[in-house]
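Here is a briefing on one chain, grouped by topic. Look over the sequence and the structure first, then read the points below.

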Amino acid sequence: MAAKLDYHWHLRKVMADRGMFSTTDLIPPLAERGITLSSSQVYRLVVERPERLSLKILMALLDILDCTMDDLIEPFTVAGAVRKPKKAAASGGGEPAEGLGGLRPKRARIRGVDRP
């Protein structure tokens, strides 16, 4: 199984490094680049980690903040993401499955119903 990748979003930190401490500071520079976002959309973009992001918005942010993608997005591997493959519930070798000990249910046998 491949390792699970995730990322950290550093827009707020990069903005603070550039002296932009209010989320609404991004609205005019974005508008100059043809991107119209409401103040709540800009707030969510800065404060929360975006799951979907337009490449136009990303390129505008890189231009406005004069930074690289490495400054905004930090990829990392989620710890413990690699799992062992699951074992089959019933073992074919006759030995009990792990954790059940000797307790195994008897297989049900369905027989025909005698009708008079």
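Buried means under 20% relative accessible area, exposed means over 50%, and partly exposed lies in between (1.4 Å probe, protein chains only). This is a predicted model, in which local features need pLDDT of at least 70, side-chain atom pairs count only at pLDDT 80 or more, and totals for chains, interfaces and linings use all residues. Residues are numbered from 1 along each chain as its sequence is written, and side-chain values use heavy atoms, with hydrogens and water left out.

**Overall layout**

- The chain has five helices and two strands. Both are DSSP runs numbered from the N terminus: helices are H or I with at least four residues, strands are E with at least two.
- In sequence order, the pattern reads β-α-α-α-α-α-β.
- Of the 116 residues in the chain, 22% are buried.
- Among contacts with a separation of 6 or more, 64% join residues 24 or more positions apart. Contact means heavy atoms within 4.5 Å.

**Leu-61 in helix H4**

- Helix H4 (residues 55-65) contains Leu-61.
- Leu-61 has a relative accessible area of 0%, so this residue is classed as buried.
- Beyond the neighbours within four places in sequence, Leu-61 contacts Trp-9, Leu-11, Leu-26, Leu-45, Asp-66, Cys-67 and Leu-72.
- Leu-26 is 35 residues from Leu-61 in sequence, yet their C-alpha atoms are 8.6 Å apart.

**Two loop residues**

- Asp-66 sits in the loop between H4 and helix H5 (69-72).
- The phi of Asp-66 is near 50°, a positive value in a residue other than glycine.
- Asp-66 is exposed because its relative accessible area is 66%.
- Thr-23 is in the loop between helix H1 (11-17) and helix H2 (27-32).
- Thr-23 counts as buried because its relative accessible area is 18%.
- Leaving aside neighbours within four places in sequence, Thr-23 touches Met-15, Val-42, Tyr-43 and Val-46.

**Glu-74 in strand E2**

- Strand E2 (residues 73-77) holds Glu-74.
- With a relative accessible area of 37%, Glu-74 is partly exposed.
- Glu-74 and Tyr-7 are 67 residues apart along the chain, with 5.3 Å between their C-alpha atoms.

**Aromatic rings**

- Arg-49 lies over the face of Tyr-7, 4.5 Å from the ring centre. A charge sits over a ring if NZ of Lys or CZ of Arg is within 6 Å of the ring centre and within 35 degrees of the ring normal.

**Largest pocket**

- The largest pocket has a volume of about 210 Å³. On a 1 Å grid over the protein atoms alone, a pocket is an open set of points where a 1.4 Å probe fits, with protein on both sides within 12 Å along at least five of seven lines; lining residues have an atom within 4 Å of a point. Points are joined across faces, edges and corners, and the volume is the space filled by probe spheres set on them.
- Leu-37, Gln-41, Arg-44, Leu-45, Glu-48, Arg-49, Pro-50, Glu-51, Arg-52, Leu-53 and Ile-57 form the lining.
- Helix H3 (residues 39-47) gives the largest share of this lining, three residues.
- The lining divides into five nonpolar, one polar and five charged residues. Ala, Val, Leu, Ile, Met, Phe, Trp, Tyr, Cys and Pro count as nonpolar, Asp, Glu, Lys and Arg as charged, and the others, Gly among them, as polar.
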